[in-house]
Structure formats: structure tokens, C-alpha cells
Amino acid sequence: MSIPNHQPSHTQERMQWDTLPPGFADPVHDSQSVFRILLDALARPARLFRIETALDTGTTATPVAALAALYALCDFATPVWLASPNQALSSALRFHSGAPLAEQPADAAFAWIDDAAAMPALSSFALGDAESPEFSATLLIRVSSLSGGPELQCSGPGIETTQTMAPLGLPSGFWQARAELAGLFPCGVDLYLICDDTLAGVPRTTRVEEA
Amino acid sequence: MPASSSTSPPPVGSPHDESAARRNWLAILARTPRAALEHGLTAALPDGLPQFDWLRPPETGLAMVRGRVGGSGDAFNLGEATVTRATLRLRAAADIPLTIGIACLLGRDKRRTELAALSDALLQVPAYHQTIYTQLIQVQAQQIEKDREAQRRAAAATRVEFFTMVRGD
């Protein structure tokens, strides 16, 4: 497995207590409602969903939807990989979710990709294996906008005919690389495209065609 | 842990000393009843409690208590205990720097957890350390030692001595 050379070594950093933001105001119900939206987003691929839960992102410089998703999904059993070093975010994640930070993308159950242009190849993430495809990574990718980009036609389970999506800010060749993983089904990665408080889910079953 | 080791204020200096001292007062705060915490804090801060932000509001859950048979046995799960934990951050003020206070107590008393976390934070603030240490921690350490002593005496009173003849082989 190739390790990108921009891989930061941020997993052993000290906690940043001074700027640590508070977590969910109501941890149980807020994480349940965020989880529900994340489920719906994968059940209805390529549609836009808004996270309406109030959450203080503090100095993490992370979109509220990404932080809420990471708080709701991660725990001590799910290593998280951060594509770019972010001490405030790693402190917040370690404190509020208890999730360990992965050194390498292949070790991660969840990955937060702040800069899609610099992201490693999709095949460097855990894809699961034929007996246990659930041990694959879920990637949360920041895009500059979920509309106004090149138009994509999506089809597959959860979409009656086709669903259009136009995210802006993904590197060229991204959908091509993703389509190449389709042959590995049931293995593969699931994606969330995130901009501010809005997200769209793209599970491994969705066919995405560039117009 | 020996409560008697807390009769003199701990040396403040190296991080090692600080963490040992903090561990010591956290252990005492974990055994301090709510009324004693309320009383100790209001006595030490007559102008009212300082302002703080919750990093983790008091939450109640279960913690697995693990045991070990003898000194060399394997660890086993003894059972679950109800604990309440909280983390807060004091707001910076004139004589208070940003400080983190934590508490993890048996039971489900949220107010008691809040007061214990507040005490932990204030004990790290030089301006309040001495007052709270003498008025709350030392008093409680003595109380805990007194209770233990009473329990030891009660147990000792029921002690039975078994005598057997020593046989030579």
C-alpha cells in the first residue's frame, strides 16, 4: 500500500485544551438525528441533505456537517484519518468521540479529506474484503460547492430513474477512479461530499456518469 | 491510596509532582459528598463560583470495573458501576487562567460531579489552590481516614484467632 508523502504525523500531538470546542449540546439526541440524516443520505444517493443541529466548530476550521458526522459516527473502535494536519480538529475528535487517529489511510474507518485536490488514490483506503466488505472506509470529502460544478448523472439503488448532482471542487479523474472500483463490489468505499452544513451521500452501489 | 499523604500541601513545580498531587486530590474529591463540596467551595469563594464553559456536561453511564485475583492473576470483569463524568473549562478572568477541571464519580449525582470538576479546576489556579486545599481537601482527607479507621476498628472487634498445635514431622 503506497503512503502519500504528505502524510502528517499528527496522531501523537498533545491535546489543545485552550480552544477545544464543546461537543453536541444534547449528545444522545443530536448524534441520533445526525445519524438519521447520514443514513438517509446513503439511502437516497446524490440528494442534498442539511444538518440542522447547532454545533460549535470552534477553531477546527471544519464544516459543521463534517464535524457533526464525525462526532455521530466515530468512537473508540473506528480510527479516523485526517488528510491534512489539524490540531484543533484532532483534539476535538479525540475528546468528544474517543476515536483514535490513524497514521495511514488504509487503517482508517473514516477519513476526513479537507482538500480534495490533494487526496490520495481511492484504492489507498480500506476497501474491505469479499467476506467482510463492511470493513471499508467511509470518506468525507470537502467540496467547494454542491452545485454549479460539472453535471453528473447518478443511478442505482435508492434512485428511481436518475438523480443529478453537480459538486464543484473535485479533482479531474475522480469519478473515473471511483468507477474503476465498481468491479470490486461488494468491496469499495462510500463517500459523503460535504460543503458547510450540506452533504450528499454516494454509496459504492451508485453509478455516476459524467455528462 | 493513602489519604494521610495529603496533610501538607503538595509541592508545585515539575509536571510529575503536579500530576501526582492532582491525582491525589481527584481521589479525595471522588469520595467527597455533595454537601461537603458545596460547603467547601462556597466557603473558599464567598463572591460566588467562577464562570466556566462545559466541554462535556455531566453525563451518566456505566464503567466496567475490572479486578485481578491476587497479584498475578488475569484481569477479569468484576461488574459495571454507574459513574457520572464531566469536563469543564474555567473562563479566563483577572486572577484565573483558562483551566480544565475534570471529575468522574460513582453514582448519578450531576451537581456533585459539577462541583468536583470545579474544585479540580480551581485547585490548579494558584490564587485559589491554598484556600481550597486546606478548607476542602485536607478536611475531607481527614474525614476519609477517620471513617476508614472506624471501619477498621469495627472489623477488628469481630476478629477471631484460630490456634492450632504445631506438629513436628
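This is a predicted model: local features need pLDDT of at least 70, side-chain atom pairs count only at pLDDT 80 or more; totals for chains, interfaces and linings use all residues.
Chain A comprises four helices and 11 strands. Its radius of gyration is 16 Å, close to the 17 Å that the globule rule gives for 211 residues, so chain A is as compact as a globular protein of that length. The C-alpha trace of chain A extends over about 50 × 40 × 35 Å along its principal axes. Buried residues account for 38% of the 211 residues of chain A. When the contacts of chain A between residues at least 6 apart in sequence are considered, 70% are found to join residues at least 24 apart.

Two regions of strand pairing in chain A may be described in detail. In one region, strand E2 (residues 80–82) of chain A pairs with E3(A) in the parallel sense, over three bridges. Within this pair, Leu82(A) lies opposite Trp112(A) of E3(A). Strand E3 of chain A covers residues 110–113, and its side chains are divided between two directions: Phe110(A) and Trp112(A) point one way, while Ala111(A) and Ile113(A) point the other way. All four of these residues, Phe110(A), Ala111(A), Trp112(A) and Ile113(A), are buried.

Strand E7 of chain A, which spans residues 152–155, is joined to E8(A) by three bridges, and the two strands run antiparallel. Across this pairing, Cys154(A) stands opposite Gln163(A) in E8(A).

Chain B contains four helices and three strands, which follow one another along the sequence in the pattern α-α-β-β-β-α-α. Of the 169 residues in chain B, 25% are buried. Among the contacts of chain B between residues at least 6 apart in sequence, those that join residues at least 24 apart make up 58%.

Helix H3 (residues 110–123) of chain B packs against helix H4 (residues 126–157) of chain B at an angle of about 130 degrees, and the two axes are 8 Å apart. At this angle, H3(B) is oblique to H4(B). On the H3(B) side, the contact involves Ser119(B), Leu122(B) and Leu123(B). These residues meet Tyr128(B), His129(B), Ile132(B), Tyr133(B) and Leu136(B) of H4(B). By class, the residues of this helix contact comprise six nonpolar and two polar residues, with no charged residue among them.

Between the chains, seven residues of chain B are in contact with seven residues of chain A. Strand E1 (residues 52–68) of chain B supplies five residues, the largest share of the side of chain B that touches chain A. This side of chain B consists of four nonpolar and three charged residues, and no polar residue is present.

How values were computed: Residues are numbered from 1 along each chain as its sequence is written. Chains are lettered from A and ligands numbered from 1 in the order in which they are written. The radius of gyration is taken over C-alpha atoms; the globule rule is 2.2 Å times the number of residues to the power 0.38. A residue is buried if 20 or more other C-beta atoms lie within 10 Å of its own, exposed if 12 or fewer, and partly exposed in between; C-beta atoms are placed from the backbone. Two residues are in contact if their C-beta atoms, placed from the backbone, lie within 7 Å. Axes are lines fitted to C-alpha atoms, for helices over the stretch in contact, and angles run from 0 to 180 degrees between N-to-C directions. Angles under 35 degrees count as roughly parallel, over 145 as roughly antiparallel, 65 to 115 as roughly perpendicular and the rest as oblique. Ala, Val, Leu, Ile, Met, Phe, Trp, Tyr, Cys and Pro count as nonpolar, Asp, Glu, Lys and Arg as charged, and the others, Gly among them, as polar. Two strands pair if DSSP finds at least two bridges between them.
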